[in-house]
Structures are given as structure tokens and as C-alpha cells.
Amino acid sequence: MTVEKKRWPRYNPKKIEPKWQDVWEKAGIHQAQDKGNKPKFYCLDFFPYPSGEGLHVGHCRNYVPTDVISRFYRMKGWNVLHPMGWDAFGEPAEQYAITHGVHPRITTDKNTTNFKRQMKLIGTSYDWTREIDSSKPEFYRWTQHFFLMLYRRGLAYRDMNWQWWCPVCQTTLSSHEVVGGVCWRGHTGVTKKEIPAWYFRITEYAEELLNDLDRIDWPEPIKLMQRNWIGRSEGCLVNFKTEQGDRISVFTTRPDTLFGVTFFVLAPEHHHVNKITSKTQEKQVNDYVQKAAGLSEIERMQEKREKTGVFTGGYVVNPLNQEPVPVWVADYVLPTYGTGAVMGVPAHDQRDYEFARKYELPIRVVVSPDDEEASFDEIAHTGMGILTNSGIYNGLASEAAIERITRDLEAQEIGANSVQYRMRDWLISRQRYWGTPIPIIYCQSCGPVPVPEDELPVLLPDTTDFKPDGTGKSPLARLPEFVKTTCPQCDEPAERETDTMGGFACSSWYFLRFTSPDTVQGPFDPEAMRYWMPVDLYVGGAEHAVLHLLYARFWVKVMADEGLLPFREPFPQLINQGQLMGPDGMRMSKSRGNVVIPDTVVASYGADALRIYEMFMAPFEYDVNWTTDGINGAWRFLKRVWNLYEKSYTTSINALERDPELEKELHKTVQKVTERILGFSFNTMVAALMEFFNILSERFRIDKWQTSSFHESLNTFLILLAPSAPHIAEELWHLTGNKESIHLQGWPKWDADIVVDDMVTIVVQIDGKIRDTIEVLPEISIEELQPLVMSRTKVKQHIADKTIKRIVFIQDKIFNIVTR
């Protein structure tokens, strides 16, 4: 091999990075093809809200690794769909516009343009021909279409109910969006208001949403959060009657304690509170209900919080022993669990016990652990036992009593077996301007009428009068030209719904639109959808564990039942990145003054240095702090790479000899880099690149570089580096005499025969039993090994319905998954 001496430019990221970004975009090398014989890979980032502050380097923790794996799959010969768009509707965008005194259309367009500029700046390879914006009519026309589909299937309905109300946002919020009395945007003073609103009946799919978590490859903490939110409980529904003859049902998992009921509690929001409250107790109860409206569910459920309540003056009748039971209202009972009513059994429930002790209510033991009547002075007996003080059920074990009492209640039609869920239906209404209009018309003769499909989209009117006025109504209600219409059924005067949909409706289906963003015949082209869906890899933050992820799963299941989709889970594989904190260890925030933006980093170090540092700083899922030393180290590494190529290619040599030892290291590096990209172990992937580069540098230092193996290794090293540092790799590729883009080269393969002597066999155990073996390179870290093990079919089969407690790893020998 002969290498000619040539002039070499200095390393200048400010010059080479925009040059190559422009070349790639004009050549369309990142665009996905809708057809072909290549295997497909659909890699998707969570739908970003384009905030006014733009991107900070914490966002790059997500966008850089997904770009790396997308570039990697393209080089492996796959057809890659890696799109980007904007979750542009919603309260944050509207509030930003109000704060700055500009229409949200203007601020949204400005912010999305800035986001797109920054994403290009850091070298992402998105297919911008598929860009979507949820606030554009060509998108939200189909959001309205899906609303009507849900309405037609009985899964969208309007109801009057108590809802969280944020006085700053001036809108209702779902229970998911309020934590600790603070709305999801950080506003305090959130209270409850009883208002009419639209809901999606997500509870109809509760069982499937719960069971199908076992079928998807998601982080266990995310699955656990969804399981807990759905909150399935098996028990018995028991009917108590008020003095007025009304029925109030309670859900209990312990019907064996019914004879121990000494009081009855309603949640402050329960619709029977006003009906059952006596005149003498009316003021006390109303004051208490108003005070409770300002507390979040988390505050109300705190174990150490003192229990409070007020006697209503009313009574219900115990259906088993016909005893009158006093009814209280207490905020430790939630409207979102069970029926919003609880039978107080203080001897056998700790919360009830504390409440009874405080208000001097009777405590009657009906389940004894030793078959004798017992008394507990400090704590309730919450376990099983033998029934006592329970009439004909005395002497029965709790398990037998639960079955028999439930059967007797069913026979008398005063109770029944029941499965209850903590999850409540999805509140979709927002009393705001900047959202998808709800396609419903109200007619005095016909009632609520859906807007005909051929009249969609119901356009959001262009108005300057979009600020909330404190009345609790949407700004759209002040626009007669929008409100006034005619009924589609009878042609009589009618009015439009003025609430808009919350932004999570848009993000519940956007991933389908990317498969065919320009189609006008439907929300997506069926053929393109079948080719691309489901998403192969979904990446984003854990903060969306319940909201977006649960809602998107629900919509997909409904669409599947509608016959629109051939699958029931949109994201078979989900990965969460860790947070990148500011230099001070705090979450990056403009108010804290610790935000680091990519613009300043790229201006000083270049996009490739930023990308290398984002991956090298820590394992992908770990939280980590930004440091100047770290970005400096990435810059120095790339400068060393540039310098080595300059030295190697500006000297005339005749390279004929082979270097078997170097070739072996090259094959080992190809294997390491490939496996670590696939395992999302980007920090150790970069480490492998650095290790091999050090070997090349040492070869040059000791003058063992004038071999064909060395220069072949330089070429292969650039290909391995290309997904991570695409600009410098492309520039060096062309400087070394290559013509076609490096990103169109095939991904290198390693020779297993060459690296086989360095492989070790690790035994994979589950709860101490051998289930599989896996061959890997020596000294592999647990972070690298774990995704490889978890992806194996045998392992998936054995842990499908189990929760992983911990991992026991013995270096190069055993990987034991403990579930017990």
C-alpha cells in the first residue's frame, strides 16, 4: 500500500461541521424509504414540546444516542426511520405566549424553528421530510377523527365531576398532573371544582393495559409505576343503605370484617355528602369539604398525617347485622379509589383505628389471631385469623369467611364479587385556547352531536382574544363566530363545544403519523403503517411513565379493536435515559442560572466533542453532572485523532507488511463497539474506541505504523467512529482519499476465529438455576452484559411474570437474576 504525502488542513469544527451537515441534507442520506427489501428499524424519541428556552445539553442525552444507533443501523444496511416533530399544543405553549404577549402560533413557529436549528447543529440525522406539528390543521384534523372514533365506540363521554383546577393555568387538570397540591407546571394553590368535562373511558382497558405489561421490553420501574397507577384489587362490593333509602356501595377486600364496622366514611367529593348531611352539621361539613379541596391525593394519603373528619349527622345500615352506622366525611378517603366510600373497621385497619381513637368511636374486634376475642391498644390487627363477634360466621377462618360472606351477600343481592382499579377515566377537557377543538355540537333538540367527518377539521379560530378571563370557561366561549353553528342532524341553531383537548391526545398517536405524514386520505397510510409499525426503539425520560405512555397504549388498543392496526402495543422496547444535571448538581433551570446550551458548547468545542462527551460521561440510564473537564477531554481526544491522521497521511510510505497483533485488536474493537451500541452501553463503546485509538497511537510512537494493517485499521476506525462523531469522521474519510460518504459505507464485521481465544462463557442463572450461557469478551462490565442477557429468548421466557429484585454478577463467570 502506497500513501502519498499531501498537505493537511488544521482541525476546525466551525468549518467542517456545517459543511457536511449541508452536504448530507442535500444528498438526502438520512431519508427513510417506504419500500424495499432492507430490514426496517424505526427509532423514535419522545415527542418534544418546543419550549421558548430551546434545547439545553440535557436534551442531548437523549437525542445523541438515538442518533448514533440510527446511523449505526443505516450503515448495517437497514432502512431506518428516525423522524422528529413537535408536540406543540397545550398549556405550556399558551402560557409562554401569554407571558410574552405574543400569539401562540407565532411563538410556537419561532420555537420549533429554533429547536430544529439546534438539533441540526449537534449533527442529528433526522428525516426532516417527515416533520410534523401537532398544532397544524393537517395533524389535528386526525386527532379530532380519533376523538369521534372513541365517541362512537362509547369511550368518550361528558360528565359533571370534581376535577383539579389550577388558578394560574385557568384550566382543569387530570389527577396525573397534580402532585403535592402543585400542578405539573409548578403552580401552587390547585383546588377541586365540580365542572362538566369530557373523559376517555380508559378504565374499559384497565385489565389489558395491566396484563400486556408482561409482553413488552420496558424498564421494570416504569412497568411498576403503571401497575401501581392502574391499581387492580379483587374484593367484594357491599351495599349499605342510607336512612333515606339510597344505596351507597363500598369496595372491600375484607368482607370477613363486616361485623366490625362501627362508622362509615365518605370522601369529601362523594355525591351523597350533601344528601346525607343533617341541617345541624351542614356548616361544619361544607367547611371541611372546601378545605379538603385544596389538598392533593398524595397529601391526603400520607401515613403519618393526622386523620381528620366531620360527622355528617347521617347514618347507613350495615347489610349483615342491620346496625345503624354513623357516617363521617374524611379526606383520607379518596374519590379515585374504590367507590369513594369506606366502611370503618378500626380493629382491623390502621387508618380506621387512628380515626376511631381520635374521635372516640367504638373499636370492635371481629378477627382474632388466636380464636379468642382480643383487644389491641396501640395497633390494629390487619392480618387474617378466626372470626369472632360475627354471628353465624363465628369460628370460620378469614379465607373461608370471605368466600361465604360474599356468597351470602350475592344471594341476598346486597353485594357481589368485584374487581376495582385505582385508575380513573382520562379527563381530556381543557378550558384553554391553544389545543385541538373538541368536535362536538350541542343542539337543544338533538343533544350532543358529533361533527361529521367530512366537516373536519374544526379549525381553531385565529384570534387575539385567547387569554383566560377567570370565569373557568375556555376563551373560545367568547367567540360567537366560533360558537354559533347549526346542528348537523336537524339544521337548527346550535353551539360548538368550547373546551379543547389536552396535549396528551396528540402524543397518543403521533408515532403513526410519521409513517406517512403527507397522506390526506386518513391519519396514516395503511401500507406504510404495516411496514414501519410498531416502533422498534422508543427512548425518553421516565417522567412520562404514567401519562403519555399509558394513554398511547390505550389509544393503540382502541384502534386495534377498530380494525385499524394489526398490533396492540406501540412500543415493544422502551429505554429511559438518565438526567444530565447542571454543573452545580441541580436540574438545569433558567431560574437557577445553571443551564448549558449546545450553542455555546458547539461554538467552543464543536458538535462532535459534545456528542462524544454526552455518551462517555456515564452509563445511559444514570444521572450525571455536566463538567467542563469532561467536554475538554472529549475535545482533546478528537484533536488527537485528527493529529494522528495528519501525521500518518502527510508522510510518504510504502506499506506492505501485515501486523497480525494489530488486526486482532481491530477485530476485538469492532466486536466491542458493535455489541455496546446494540446494548445502549455508549460510555463503554466510546471507551473501546479510545482504547483502540491508543493502540494506534502507540504503534505510531514506536514506529510500527508503516504497515498495511495500520492504514486499514485507520480506515475501519473512522467507520466505527462515524455514528458518534459524524463530522470529523466524514472529513478525515475524504482527506484520506475516499469519495463516497463514510455514512454510506457498510458496517465492519469481526472474524470470530480471530477473537475466539479472548472470549469467556458466562453462566446465566435465574434464582440460582442455570437457564442459559453467553459468550462475551473478558472483563465485560455488568452495564454492558445486562442488556445482552435480558435480550435472550430463554431469559425473557423465565422472567416474563417476575419482578427483578437484584443482580448478582461474578466477573467473567456468573450472571444471576434474583426475583425472590
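## Strand pairing

Two strands are taken to pair if DSSP finds at least two bridges between them; strands are DSSP runs of E with at least two residues, helices are runs of H or I with at least four, and both are numbered from the N terminus. The model is predicted, so local features need pLDDT of at least 70 and side-chain atom pairs count only at pLDDT 80 or more, while totals for chains, interfaces and linings use all residues. Residues are numbered from 1 along each chain as its sequence is written, and side-chain values use heavy atoms, with hydrogens and water left out.

β20 pairs with strand β25 (residues 500–501) in the antiparallel sense over two bridges. Within this pair, Pro437 stands opposite Thr500 in β25. The open sheet has three strands in the order β19-β25-β20, with antiparallel pairing. Because β19 (429–430) and β20 (436–437) each have a single partner strand, they stand at the edges, and one side of each is left without a neighbour in the sheet.

## Helix α17

Gly606 follows α17 and has a positive phi, near 95°.

## Gln118 in α4

Gln118 belongs to helix α4 (residues 104–121). Its relative accessibility is 2%, so Gln118 counts as buried. Leaving out residues up to four places away in sequence, Gln118 touches Gly54, Leu55, Pro598 and Asp599, where contact means heavy atoms within 4.5 Å.

How values were computed
Buried < 20%, exposed > 50% of the residue type's maximum accessible area, 1.4 Å probe, protein only.
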